[in-house]
Amino acid sequence: MPQHVQMQTYPFSLVAFDLDGTTIDTVSGEMHPRVQAALKYAHDHGAQVSVVSGRPLHMLHDLLVWDWVDWLVTLNGSVVRRQTDQSVLFENEMPDELVSTVFSTLDDLNPAWFVFYESETYRERRAITYMARGGSDGLGEANSEEDIINAMAGMKPVDSIHEAMATHPDTVFKMECSFETAALADEAGQRLHALGQLDIARMGPIEYELTHAGINKGAALEQLCQELKLDISRSVAFGDSGNDYSMIGHVGTFVAMANSTPEILRDADEICPSFDKQGVAVWLEQYQA
């Protein structure tokens with residue numbers, strides 16, 4: 001038996017996990033019971049357990065029936081909530097001026113836009129065609145138009161994002177854009193980086209996720225540890241794709257799924273088996289007495 005298994009206290013202060021492609025099947029929305037059991041064990045033995053997702057709160061309610069989840073890090077770190085009462089620990093919106101700047105910077109490239117509020121998400125209909133054709137790391141197993149539509153359940157389809165936003169009173173937390181070709185996405189990436197006001201996660205050949213500068217999953221977990229006075233060197237996080245990269249270097253140990261993107265696999269602290277082999281459970285079980 002490995003020496004670390006013999007520790008009398010659980011070794012992790014915080015266990016954070018991504019959803020799509022890491023702990024749940026993107027199409028079915030289900031988490032394997034073995035993974036649930038390993039995360040519950042962490043919670044029951046003293047760790048704070050946190051979802052860390054690009055999804056907004058309104059796209060999590062059907063998933064979060066687990067009493068072993070303590071924290072919800074949503075919208076790529078834009079909002080952090082306590083699971084028990086949904087109270088907000090901290091949140092970071094995108095300034096209206098920045099949202100307008102992003103639109104004007106890219107609109108001539110004909111992107112398909114997504115805009116995320118806490119209570120609602122809009123997606124332009126042409127995004128389905130773009131993403132089925134060009135691929136998206138953020139959708140895990142989803143690749144056909146039907147799979148992508150299922151994975152985006154909870155997003156309101158619209159013809160024009162600008163018309164939809166004109167009647168919505170809330171502030172934007174996250175934006176996404178996808179493009180008809182990888183070449184257009186490359187051009188968009190250069191323009192977005194040149195703005196210098198954004199945190200940018202590339203989610204495959206044709207898609208980006210955007211939040212305000214400095215707002216990402218890793219920064220949110222670091223702030224959560226500070227707020228809770230947790231030893232961040234004893235934190236561990238699991239992820240597989242573009243918006244998970246920011247957790248590398250912000251937590252004590254970042255564990256990549258074997259099905260992760262090449263960049264994640266290259267820079268992760270450790271690698272566990274793939275999502276379909278219940279990799280999160282396999283890795284955590286070595287620390288169960």
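Here, a residue is called buried when its relative accessible area is under 20%, and exposed when that value is over 50%. Keep that in mind for the views below, which all come from a predicted model.

**Figure 1. The whole protein, before we zoom in.** Let's start with the overall picture: the protein has 9 helices and 14 strands. Of its 289 residues, 54% are buried. Now take the contacts between residues at least 6 apart in sequence: 60% of these join residues that are at least 24 apart. A search of the whole structure turns up 14 salt bridges and 0 disulfides.

**Figure 2. Val 52, a buried residue in strand β2.** Strand β2 covers residues 48–52, and Val 52 is part of it. Is Val 52 buried or exposed? Its relative accessible area is 0%, so Val 52 is buried. What does Val 52 touch, if we skip its neighbours within four places in sequence? Its contacts are Ala 16, Phe 17, Asp 18, Leu 19, Val 73, Lys 217 and Met 247. Look for Phe 238 too: Val 52 and Phe 238 are 186 residues apart in sequence, yet their C-alpha atoms are 9.1 Å apart in space.

**Figure 3. Thr 23, a buried residue in a loop.** Find the loop between β1 (14–17) and α1 (33–44), and you'll find Thr 23 in it. With a relative accessibility of 1%, Thr 23 counts as buried. A polar atom of the Thr 23 side chain lies 2.7 Å from the backbone oxygen of Asp 18. Setting aside neighbours within four places in sequence, Thr 23 is in contact with several residues, including Phe 17, Glu 30, Met 31, His 32 and Val 35. Phe 275 and Val 280 are among its contacts as well.

**Figure 4. Helix α6 and its buried side.** How far apart should the ends of this helix be? Helix α6 has 14 residues (182–195), and at 1.5 Å a residue it should span 20 Å; its end C-alpha atoms are 20 Å apart, so the two values agree. Which residues of α6 are buried? They are Ala 185, Ala 188, Gly 189 and Leu 192. These residues cover an arc of only 105° around the axis, which means they sit on the same side of α6. There's a handy rule behind this kind of pattern: an α-helix has 3.6 residues a turn, so residues three or four places apart point the same way. What covers the buried residues of α6 includes α2 (96–106), β10 (198–202) and β11 (207–212).

Figure 5. Then follow the chain out of the helix: Gly 196 comes after α6 and has a positive phi, near 70°.

**Figure 6. Lys 174 and its two salt bridges.** One partner of Lys 174 is Glu 176: their side chains meet in a salt bridge, 3.2 Å from N to O. Both Lys 174 and Glu 176 are buried, and for Lys 174 the relative accessible area is 1%. Lys 174 also forms a salt bridge with Glu 209, with the closest N and O atoms 3.5 Å apart. Lys 174 lies in strand β9 (residues 174–178) and Glu 209 in strand β11, so this pair ties together parts that are 35 residues apart in sequence. Glu 209 counts as buried too, at 7% relative accessibility.

Figure 7. Asp 186 lies in helix α6 and Arg 202 in strand β10, so the pair ties together parts that are 16 residues apart in sequence. Asp 186 counts as partly exposed at 37% relative accessibility, and Arg 202 is partly exposed as well, at 32%. Elsewhere, salt bridges that share partners join Asp 18, Lys 217 and Asp 244 into one network.

Figure 8. Cys 225 has a relative accessible area of 3%, so it is buried. Cys 272 counts as buried too, at 2% relative accessibility.

How values were computed. Residues numbered from 1 in each chain as written. Predicted model: local features only at pLDDT ≥ 70, side-chain atom pairs only at ≥ 80, totals over all residues. Heavy atoms only, no water. Helix = DSSP H or I, 4+ residues; strand = E, 2+ residues; numbered from the N terminus. Expected span 1.5 Å × (residues − 1). Buried < 20%, exposed > 50% of the residue type's maximum accessible area, 1.4 Å probe, protein only. Arc of directions from axis to C-beta. Contact = heavy atoms within 4.5 Å. Polar contact = N/O pair within 3.5 Å; in protein donor to acceptor, adjacent residues only side chain to side chain. Disulfide = S-S within 2.5 Å. Salt bridge = Lys/Arg side-chain N within 4 Å of Asp/Glu carboxyl O.
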